[in-house]
Amino acid sequence: MSENNLKEIWNLAINQIEQEYRETGRENEFKLWFNMSYIEDNISTIKVSVPSSFMWQTMISRGNIEIVKNQIKKITGQTVDIEGIVQENQIYEEKKDNTHQEIKKEIKIEKPIQTNYEEKKNVVSKNSTLNPNYTFENFIAREGSSNDFAYKVSMAVANNPGEKSNPVLIYGGVGLGKTHLMQSIGNKINEDSNGTKKICYIQAESFTSEFTKSIQNQSMNNFIKKYRHLDVLLIDDIQFLQGKTSTQEELFYTFEELHKKHAQMIFACDRPLSEIENMADRLVSRLGSGMCLNLEIPDFENRKAILYKKLENKNTNLDDPIIDLIAQTVETNVRDLEAALTRILAYKEFINPNVTLEIARSQLSEWEKSPDVGNISITNIQKVVADNYDITVADLKSKNRSKKYSLPRFIAIYIGKEMTDYTYSELGYEFGGKDHSTIMHAYNDIEEKIKIDPSLKNKVKYLMDEVRKYKN
């Protein structure tokens, strides 16, 4: 059943595209190649009527459907599918019970279009907010580890959504599998429900952007209807919400509504809730009221298991000593582990299929020099840089522009951008509420200077190594 959540978004996107075509004198081209009308939508797909299958295929091949999808993503931060429906007129005869007179009626017959653009198979409906590669089968955790506990709890939640643990909060450092695990829950629920559950995965930054635009576009009712009618809500990187009072308030009310109807909620962040500043107490209380799961850096055996699984998925192999070398060398996170594996497989494919231990070691040089790491965080980066320059973290966050403070501040921002997934806006908040452009300038300044200043380059590298081995 359609909720018409995206109808206003569709109309806005189409109107904006039409305006662009008008301004370039291509009004007739727009009328011909964007000949679609909104029918209905669900959480991830908009259905539109089109004149014919041929017209639909042509609009796809010309890239017009992608233009609309991209425009919708610009407005909402959300990726949606667009499904074309041919509406054909058909005449049929109906007999009246009392007069037995035949009356002809014209009706609309809706026919889904079979296309390569979105294959229609007898399989579970795809949820476009979820990555289909994130499944429990692909998540490796050693028996008895904290990650294994998180895995088993998540499986239980997926098998009994809204009943076992609600909400679930998953936290841990960069690249440890938070997004993988939470989307595995969503994919399992989607599969078990045969695509009937309304499931939405979204990053906190996109949630904030969508909320802000709904206020600007006076479409808050659609926003509320979309999120408060879900069966499963998954919000990633909730640390981005710190300091965003209005968005926190809206999430609080969304949480309350979903909790009443036993909708499953899963949240993820890069640190424990207690370390997130400027978050409303009542929201923190709600987010932490269920099961909190901590993902840790995988140990040696777990890293080996992950590597073997990724080789299996890629339908290739490496000698066991090379697997051992990668697992011993890369001790940071799963993302770095996969990057190292990809480096060696690329060498194997493009340069020499016979990868020796010596070759593998040379390819892993940048990881081999990296010491053991803890969970990298902005807080730890700030502490390391501040201590090294004999200033305080408060100095790094201040507006003081003297070189004594500005250089280490710029370096800390650069390292923060290089070693975490933080956006410029998020980094701005962490460094005293500075705006996006200020943070970008700081990052670009250090990026350019280290190209021509070897001493600064070595200094930054040294500090990054110190961050990796920093222990609270």
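Predicted model: local features only at pLDDT ≥ 70, side-chain atom pairs only at ≥ 80, totals over all residues.
Local features here require pLDDT of at least 70 and side-chain atom pairs count only at pLDDT 80 or more, whereas totals for chains, interfaces and linings use all residues. Residues are numbered from 1 along each chain as its sequence is written, and side-chain values use heavy atoms, with hydrogens and water left out.

Q: Why is Glu430 called buried?
A: Buried means under 20% relative accessible area, exposed over 50%, and partly exposed in between (1.4 Å probe, protein chains only). Glu430 has 6% relative accessibility and therefore counts as buried.

Q: Why is Arg271 called buried?
A: The relative accessibility of Arg271 is 8%, so Arg271 counts as buried.

Q: What makes the contact of Glu430 and Arg271 a salt bridge?
A: A salt bridge is a side-chain nitrogen of Lys or Arg within 4 Å of a carboxyl oxygen of Asp or Glu. The side chains of Glu430 and Arg271 meet at 3.2 Å, N to O, and form a salt bridge. This pair links distant parts of the chain, 159 residues apart: Glu430 lies in helix H19, and Arg271 in the loop between strand E8 (264-269) and helix H10 (281-287). Helices (H or I, at least four residues) and strands (E, at least two) are DSSP runs, numbered from the N terminus. Arg271 also meets Asp270 in a salt bridge, at 2.7 Å, N to O.

Q: Why is Lys461 called partly exposed?
A: Lys461 has 42% relative accessibility and so counts as partly exposed. The salt-bridge partner of Lys461 is Asp465, with the closest N and O atoms 3.4 Å apart. Asp465 has a relative accessible area of 15% and is therefore buried.

Q: Why is H18 described as largely enclosed by the rest of the structure?
A: Twelve of the 17 residues of H18 are buried, so the helix is largely enclosed by the rest of the structure. The cover over these buried residues includes H16, helix H17 (393-397), H19, H20 and H21.

Q: What makes a set of residues a nonpolar core?
A: The members are buried Ala, Val, Leu, Ile, Met, Phe, Trp, Tyr and Cys residues joined through side-chain atoms within 4.5 Å. The largest such core has 30 residues, and Ile381, Ile415 and Val460 have the most contacts inside it. H18 gives the most to this core, with eight residues.

Note on methods: Contact = heavy atoms within 4.5 Å.
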